[in-house]
Amino acid sequence: MIYLKRLLLLLIVFPLLSGCWDQNLIVDQEVMNGISFDLKDDKVKSTIVVLNIIPKGSGVFDFNNQITSATGHSLEETTEELRMYYTGPLTASKSRIVLFGEDFAKKDLESYLDLIYRVPDPYLGSKVAIVEGVEASKLFSLEEIGTDPIAFGLYEIIDAAEKNSTIPKGTLNTLFTFFNEKGKDFILPILKQKGENIMVSGAGLISENAYSGESIPLNDCPLLLLLMDDYGHLVNLNSYIDKKKKLNNQVSYKITKVKRKMKVNETPHKKPEVDLKLNLEVSLTQYPGTEKLTTKRIKELEKVITKDLNKRSKKIITATQKANSDVLGIGRTIKETDPSAWQSYDWRTTYPHIEIKTAVDVKIVNTGTIK
Amino acid sequence: MVRTKSEFLTTDLNQNILKITTGMNNTADLKQRRITFSNKSVILLYLDTLIDKESIEIHIISPLNKQISDSVEESLSTTQFTMLTTLKDISIALAKGNTILLEENNDKAYSIMALSREKRAINESLNEKVTLGAHDGFVENASSNISLLRKRLGTPEFTVEYLHAGSLTNVEIAVCFLDSTVDKDTLHMIKDRLERLTDQEVILSRQVQEALEDRPFSPFPQTLRTERPDRAAGHLLNGSVVVFLDHEPSALITPVSFQSFLRSPEDLNSRWFVNLFYYSLRMLAFILSVTLPAFYIAVNAYHAAILPVSTFYTLKLSVLNVPFHPLMEAAMMQVVLELLKEASVRLPSAVAQTIGTVGAIVIGSAIVQTNFISNTMVVVIAITAVSSFVIPIGEMSTTIRLMSFPLIFLAATFGFIGIAVGLMIYQTHLVKLTSSGRAYLDSPKILRSFKNNSTHKKKGLGKNAHE
């Protein structure tokens, strides 16, 4: 009984003393859905978009975006200002998208984004992208993409691009793992505004946690993801049948099976050599000819595609070496298999000069529903 | 009564009658009938309000009138009677509904059973309905109830012991057990506890229950009160003791484990996976009704970060214009629910339907439209209530519903940590709890219990003839 009395006393006293100070009701919360960072006159300009829901009775509702910006020398300084614009406690726990302006992305992201990882509030499932051409905050002023609010629309766009193997799956969380891993760089999607619409225009190569300025164009992205062994549900590629780039002259194919083998060979003169073998099984989705595809023709097509893909993969590898962005994770492979060799390299200066041999082999296993 | 405690009958008939009527405080419904038997005066005394007059006519008066033999005893040979000598016994027998026969020049009285047979027919229990299985239920009579059990357990092992409680109520308490399965120590303890009741005035089952329970202050019932004979018989086979209180239509089963409260006799009558499914469903219902409102409040007030973004906006939309704290909302809705439930129980069934309509439509939808309580909260409380109604034993159902209240307060003040601490306290209490000395959470061979035949077929046995 004494215990019971004490317990009751505690139950009464605790709420009175604490007053639920850390309470944070759903009604009060102002939830930012989109965040963007730009560099402006040596200051960070943070822009956030908060989605307000306006109920119109019996399940019908409307929404509007409240967009505010603040500038300061650090992210926290801008956040402090941003908090002042809103009617309730501001939270990033439901953020959908984090956008970087081109200039901001070229800074060391790890040190700038420290705030996001240090406090538990931000949602680490948010998608991350670089905005090219305009200031990142400009994208938010579009308000809507289709019927989706802007932040949700951007999330969906990037999500769709990941499914189509344009860019690898990535969130703030994967970004953090890359920050902490030497020997592998990553890719961020590049967004471009075209009129009233926004599109993913390519894959930006990141070198040493900063945007290198180099990017892989849209139609080469799936091949890059195949080389990285980090592709999505659907991998579609096109090749010109003969060298002429003319109307309706492309064969298109869907990758159905991938075998990738990367081998790092030690050489005596302190430079590793990489052999990257890619065996693809593809299924045709488009063929401009009207004749039936004979076995002989298929063999010819296989040769054309193989030649094209080999050429393009060489181009991609050259681009990554130019950007000094080790997206294939060669450094990591060396670190894992031969730690002492890894110690002896200065990887940032070594990577652009190593030899990477790619060999793509294509086999058409299927011609679709028609011959 | 106290005056006549040790007094014996005399041979003087008139004196005896006088003493008995004063002993009964000259109550107005004490009737006398004088008949002549073998040239002697015989007096029948009975309480008019208790006995069956027809039965007296057939079983007492007509045999006596036939004058088969000179002795009263032989004339009454077809009827059951006992001989009484003290005035105290006689008045108790009268009060119990017996007819007293006094003879001239005889210092012994005959007490003859002639109780009126006014009792409820054996019907299905309204509180524990089943679709599969027997439809008989206990009635307000201990001997009928025991006969229901005896019909199921036709064995000499089935033992009944009677106790009487209260000097004024003088009610019968029957203790039934199977001699081979019952644990002797437990039985001894139960009888010991019931004996303490004998000088109390017992009217309600709860009084017996309280005497039987190890911890009467616990919110959890430690004896199972059932109205179904098949449930009682099943527990008897498992070594429990069944206690009947006369004039109460229920059996008290002890020792009993927590999982028995989540089971309906219907489950045991079904295929194993049906049985398992419904048992799991009730387990889920138990967890939901205890934790769901608390969980919702904690999420709403503290941990909105764990919600997926779409769920978050759905929730936000529903609570946007509600002026109350979720705790207030939950408390209000729970009170409304209890009010509706209570009102429909107390009212005649025709009117109770109206309450159902008023509750569902008027309060349910209007309260949301006026923005007093959010849609989500209505859903949460409705799920909680329905979950608690799934529990087959009413006592446990109410307990579980009320157990959610402390958790609601803890959740509103401390969030998930409060819920965790609250559940820990519940858990500790349940683990420590015993029912007649057996652990309350004890459920041996729970998996095997889903299969009805506990004996496994041995190889070569029970195969059919073709093999």
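The exercises below work through contacts, strand pairing and helix packing in a predicted model.

The model is predicted, and local features need pLDDT of at least 70, side-chain atom pairs count only at pLDDT 80 or more, and totals for chains, interfaces and linings use all residues. Residues are numbered from 1 along each chain as its sequence is written, while chains are lettered from A and ligands numbered from 1 in the order in which they are written.

**Exercise 1.** Describe the side of chain B that touches chain A.

*Solution.* Begin with the counts: 18 residues of chain A are in contact with 16 residues of chain B, where contact requires C-beta atoms, placed from the backbone, to lie within 7 Å.

**Exercise 2.** Follow strand β14 of chain A to the strands with which it pairs.

*Solution.* First, β14 (residues 273-286) of chain A runs antiparallel to β13 (residues 250-265) of chain A, and 13 bridges join them; pairing requires at least two bridges found by DSSP. In this pairing, A:V264 has A:V274 of β14(A) as its bridge partner. Then turn to β15 (residues 355-366) of chain A, with which β14(A) pairs in the parallel sense over 11 bridges. Here A:V360 in β15(A) stands opposite A:L278.

**Exercise 3.** Work out how α10(B) and α14(B) are arranged.

*Solution.* Start with the geometry: α10(B) packs against α14 (residues 375-390) of chain B at an angle of about 150 degrees, with the axes 8 Å apart (axes are lines fitted to C-alpha atoms over the stretch in contact, and angles run from 0 to 180 degrees between N-to-C directions). The two helices are therefore roughly antiparallel to each other, a term for angles over 145 degrees. Lastly, look at the residues that meet, including B:L288 and B:L292 in α10(B) and B:I381 and B:T384 in α14(B). By class, this contact of α10(B) with α14(B) has 10 nonpolar, four polar and one charged residues.

Terms used:
Two residues are in contact if their C-beta atoms, placed from the backbone, lie within 7 Å. Helices (H or I, at least four residues) and strands (E, at least two) are DSSP runs, numbered from the N terminus. Angles under 35 degrees count as roughly parallel, over 145 as roughly antiparallel, 65 to 115 as roughly perpendicular and the rest as oblique. Ala, Val, Leu, Ile, Met, Phe, Trp, Tyr, Cys and Pro count as nonpolar, Asp, Glu, Lys and Arg as charged, and the others, Gly among them, as polar.
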